[in-house]
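Me: Could you walk me through reading salt bridges and disulfides in a structure? I'd like the general idea, then the case at hand.

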Amino acid sequence: SLDVQASMGYGGMCPAGHYCPSGTDLPVPCPPGTFTSTTGQAICSPCPAGFYCLLQTSNFSASPCPLGYYCPRDTQFGEQYSCPSGTYQPAVGATNSSSCLSCTPGKHCATHGLAQPTGDCSPGWYCSGGSSRANGTIHGGRCSPGTFC
């Protein structure tokens, strides 16, 4: 282990997922939002957009941003940036908030972080798109008398 090597006076190449500033006695884990994929690094690199990097990340490509969320550069964990209610996001690896799609007309998206709409609008109600409620009036409303919806 690294601790045993250090206590015995051994040195070595700084491992992936760590950085070793000049004069360091032990490798330092890359903080969340950063990574190193190769050995011998003096600094950690920013986690690229579309991925998240937990503490001590060496392979960011193993952590694509999950459905319902987006991951700009430097994202520290997968659920850090959720798409808001009234939207959904059906693809892995989204990079920014414009990846969040307005809820489909006729459907509602009740909570944040959705991969697909929650469900249909309530009977007797319409949803015009972007609705977070099955019977809301901000992005929809009651069907008018004499209409079917």
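Me: Let's start with charged pairs. What do the side chains of Lys107 and Asp120 meet in?

Reply: Keep in mind that this is a predicted model. For a salt bridge, you look for a side-chain nitrogen of Lys or Arg within 4 Å of a carboxyl oxygen of Asp or Glu. Here Lys107 and Asp120 form one, with 2.6 Å from N to O.

Me: Where do Lys107 and Asp120 lie?

Reply: Lys107 is part of strand S7 (residues 107–108), and Asp120 belongs to strand S8 (residues 119–120), so the pair ties together parts that are 13 residues apart in sequence. As for accessibility, Lys107 is partly exposed, because its relative accessible area is 30%.

Me: On to the cysteines. How many disulfides does a search of the whole structure find?

Reply: The search turns up 7. Let's take some of them in turn. One of them joins Cys30 to Cys44, with 2.1 Å from S to S.

Me: Which parts of the chain does that pair of Cys30 and Cys44 link?

Reply: Distant ones, 14 residues apart. Cys30 sits in the loop between strand S2 (28–29) and strand S3 (34–35), while Cys44 is in the loop between S3 and strand S4 (45–46). Both cysteines, Cys30 and Cys44, are buried.

Me: And the handedness: is the disulfide of Cys30 and Cys44 left-handed or right-handed?

Reply: For that, check the torsion about the S-S bond. It is about -90° for Cys30 and Cys44, so the disulfide is left-handed. For Cys83 and Cys100, whose sulfur atoms are 2.0 Å apart, the torsion is about -80°, so that disulfide is left-handed too. Cys83 is buried at 0% relative accessibility, and Cys100 is buried at 13%.

Me: What about the link of Cys103 and Cys109?

Reply: That disulfide, 2.1 Å from S to S, has 85° about the S-S bond and is right-handed. Cys103 counts as buried at 1% relative accessibility, and Cys109 counts as buried at 0%.

Key:
Residues are numbered from 1 along each chain as its sequence is written. This is a predicted model: local features need pLDDT of at least 70, side-chain atom pairs count only at pLDDT 80 or more; totals for chains, interfaces and linings use all residues. Side-chain values use heavy atoms; hydrogens and water are left out. Helices (H or I, at least four residues) and strands (E, at least two) are DSSP runs, numbered from the N terminus. Buried means under 20% relative accessible area, exposed over 50%, partly exposed in between (1.4 Å probe, protein chains only). A disulfide is a pair of cysteine sulfur atoms within 2.5 Å.
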